[in-house]
Amino acid sequence: EERAKALGVKANFPGWVSGRELARVILDHRAVCLPSREESFGNAVVETLALGQGLVSTRAGSIPEVAGPWGRLAPSEDIAALAEALEAELRSNPEWQQRHRQREYIRSRYSWGRAALRYRAVYSPLPPGKPRIRRAQPAPAPAA
């Protein structure tokens, strides 16, 4: 925050926010910048793109997979490339249709309904005729 102020950059560092407040913070800005060094999934990526907002982030962890073709990604630890991506995003003026396709892309892959279908596929019983894994039998108790 101090560095942004020193450079005269207007930025918002809201800290932890949740629910509707988070959506409002994302929607109140032209872009969200996530300078991640490591990322196991990227909830913030999904939340930003699901709201149709611009995303600037790094290629850390799962971000490229989660963001798909949306967002501007820079190599992790490359501050100059991240800054260039952010400037390009702020200069862009994406069409409504592009943002709509972005939202649909995210919702089709990361909605609660989609997650439920994936869980069902993993945990549903095997079809008839398929071999089942047998549970290990407990070892006999040692003789006293």
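Student: How much of the chain counts as buried?

Tutor: Buried means under 20% relative accessible area, exposed over 50% and partly exposed in between, with a 1.4 Å probe and protein chains only. Here, 26% of the 144 residues count as buried. This is a predicted model, where local features need pLDDT of at least 70, side-chain atom pairs count only at pLDDT 80 or more, and totals for chains, interfaces and linings use all residues. Residues are numbered from 1 along each chain as its sequence is written, and side-chain values use heavy atoms, leaving out hydrogens and water.

Student: Which pattern does the chain follow along the sequence?

Tutor: Helices (H or I, at least four residues) and strands (E, at least two) are DSSP runs, numbered from the N terminus. In this chain the pattern reads α-α-β-α-β-α-β-α-α-α, with seven helices and three strands.

Student: What covers the faces of S2, or rather, which of its residues are buried on each side?

Tutor: In a regular strand the side chains alternate between the two faces of the sheet. For S2, Gly54, Val56 and Thr58 are buried on one side, and Leu55 and Ser57 on the other. That makes five of five residues buried in S2, residues 54–58.

Student: Which strands pair with S2?

Tutor: Two strands pair if DSSP finds at least two bridges between them. S1 (residues 31–34) runs parallel to S2, joined by four bridges, and Leu34 stands opposite Ser57. S3 (residues 72–74) also pairs with S2 in the parallel sense, over three bridges; there Thr58 faces Ala74.
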